[in-house]
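Hi,

Here is the structure I promised to pass on to you. Please have a look at it first, and then read my notes below.

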Amino acid sequence: MRDVAIIGAGETKYGEHWDKSLRDLAVEAGLKALEDAGIYAEDIQAIFGGNMSAGSFVGQDHVGALMADFAGLAETMIPAMRIESACASGAAALHAGYMAVASGLYDIVLVGGVEKMTDLPGDMVTDILAGAADREWEVFFGATFPALGAMMARRYMYEFGMTREQMALFPVIAHKHGALNPDAHFQREITVDTVLNSAMVADPLTIMNCSPVSDGAAAVVLAPAEIARKYTDSPIKISASTFANEYISLHSRESLVRSVSTIEAGKKAYKMAKKEPKDIDLVEIHDAFSIIAIIGLEDLGFAKKGEAHKLAEEGQLYYDGDLPYNPSGGLKAKGHPVGATGVGQVVEIVKQLRNEAGKRQVEDAKVGLAHNVGGTMTSSIIHILEVM
Ligand code: COA
């Protein structure tokens with residue numbers, strides 16, 4: 001296995017893009033990543049594209065071929081494929097791209113992620129997203145994604161006594177960071193009261209405990225680490241790329257307040273990168289619902305079980321705190337175009353490690369961790385990135 005580095009990164013703004021199609025978004029992010037790497041589209045040997053459900057959201061499947069065609073690569077006939085793992089499709093595409101370069105099969109690989117979600121009414125979007133759960137055993141009986149997240153939150157509050165006020169601190173931090181990110185879907189700060197008093201979606205989750213429905217795309221260019229400096233002065237090494245799955249439906253699990261897939265992928269990632277939680281300078285944690293971020297932080301070893309809210313209360317999670325958390329704004333404020341999210345988290349870490357994150361720059365950042373999950377933490381994918 002060869003070491004793999006990121007030599008270019010780019011993304012679109014996240015939000016409602018009435019004027020841009022799925023292909024426009026994918027090509028915009030891809031071209032930005034190529035420009036950043038200082039290479040031409042013809043230099044790419046393979047494309048891995050994360051996308052959850054373009055077939056349902058915009059009626060377009062065969063997304064890999066579409067991306068290659070509209071990047072001007074149809075005549076090069078390179079392999080281009082869509083990778084799907086629900087809301088972790090982006091990180092799954094990066095995992096696939098990582099394996100392709102690490103194995104020696106390809107040298108220069110483009111990894112993208114894209115989703116165009118806002119063209120449909122909310123009830124249709126909710127139904128499509130519910131496809132990440134067990135359609136037959138959960139969704140058929142009325143569960144939506146926010147409802148499944150709410151069950152996890154209620155159980156957690158019951159077991160550990162966390163209050164809604166404590167849970168509200170996570171979206172408050174995310175929005176504070178989103179306000180510093182010109183590419184974020186929401187660029188405004190909110191308070192604990194805003195979270196508590198906004199519309200209830202599924203008790204105890206209000207709209208402010210939920211990530212939004214967003215359009216957007218993100219892309220990175222991978223190369224073998226040994227030749228990365230040919231392309232850039234600031235390559236970022238992928239020190240770990242790990243993936244774990246567990247039972248798809250909540251009722252099959254032993255616990256609703258632990259994610260065994262996050263624990264497993266995290267353990268493997270720390271081992272692969274030869275790192276411990278204390279070595280990580282910043283994290284991008286999957287916060288589709290506040291409770292997912294809380295469980296994620298604990299199961300990755302950043303807090304004891306039942307105590308993640310203390311990190312928030314102590315101010316440690318702000319971009320200038322001890323454990324900078326979601327400096328991009330996270331899924332909550334930066335946005336959650338589901339197929340793009342995992343790649344977008346990594347684009348943020350690349351910017352941070354290169355000291356290019358502007359007003360939300362984490363001081364002296366050398367190592368970052370991205371945590372992207374599919375379903376109700378069914379699939380967990382971890383990437384650890386570091387300055388070379
Ligand atoms: N956070 C903050 N504001 C939000 C928001 C969110 N999550 N979702 C919508 N808004 C805002 C909109 O910008 C809009 O503001 P405006 O009136 O100023 O334009 C307003 O709230 C109403 O938006 P609308 O799109 O009608 O909201 P909705 O009620 O249809 O949808 C949710 C709200 C929470 C149900 C929807 O965002 C959702 O389903 N989120 C979860 C997505 C999900 O499950 N992702 C996968 C998880 S892994």
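The shell around the ligand is made up of twelve nonpolar residues, three polar ones and one charged one. Please keep in mind that this is a predicted model, with values computed from its atoms.

Which residues come nearest to the ligand? Among the 16 around it, they are Cys 87, Ile 207, Cys 210, Ser 211 and Lys 332.

For Ile 207, a polar backbone atom is 3.3 Å from a nitrogen atom of the ligand. For Cys 210, a backbone N or O atom lies 2.8 Å from a ligand nitrogen. Ser 211 also has a polar backbone atom 2.8 Å from a nitrogen atom of the ligand. As for how much of the ligand is covered, it exposes 920 Å² when taken alone, and the protein buries 60% of that. If you want to find the site by eye, go to the largest pocket, where the ligand sits.

Now for the chain as a whole. How many residues are in contact between them? On the domain 1 side there are 47, and they meet 47 residues of domain 2.

Best wishes

Terms used. Residues are numbered from 1 along each chain as its sequence is written. This is a predicted model: local features need pLDDT of at least 70, side-chain atom pairs count only at pLDDT 80 or more; totals for chains, interfaces and linings use all residues. Side-chain values use heavy atoms; hydrogens and water are left out. A residue is near a molecule or strand if one of its heavy atoms lies within 4 Å of it. A polar contact is a pair of N or O atoms within 3.5 Å; within protein, one must be able to donate a hydrogen and the other to accept it, and residues adjacent in sequence count only if both atoms are side-chain atoms. Accessible areas come from the Shrake-Rupley method with a 1.4 Å probe; for residues, only the protein chains shown count as cover. On a 1 Å grid over the protein atoms alone, a cavity is a set of points where a 1.4 Å probe fits but cannot get out, and a pocket is an open set with protein on both sides within 12 Å along at least five of seven lines; lining residues have an atom within 4 Å of a point. A molecule sits in a cavity or pocket if more than half of its atoms lie within 2 Å of its grid points. Ala, Val, Leu, Ile, Met, Phe, Trp, Tyr, Cys and Pro count as nonpolar, Asp, Glu, Lys and Arg as charged, and the others, Gly among them, as polar. Contact means heavy atoms within 4.5 Å.
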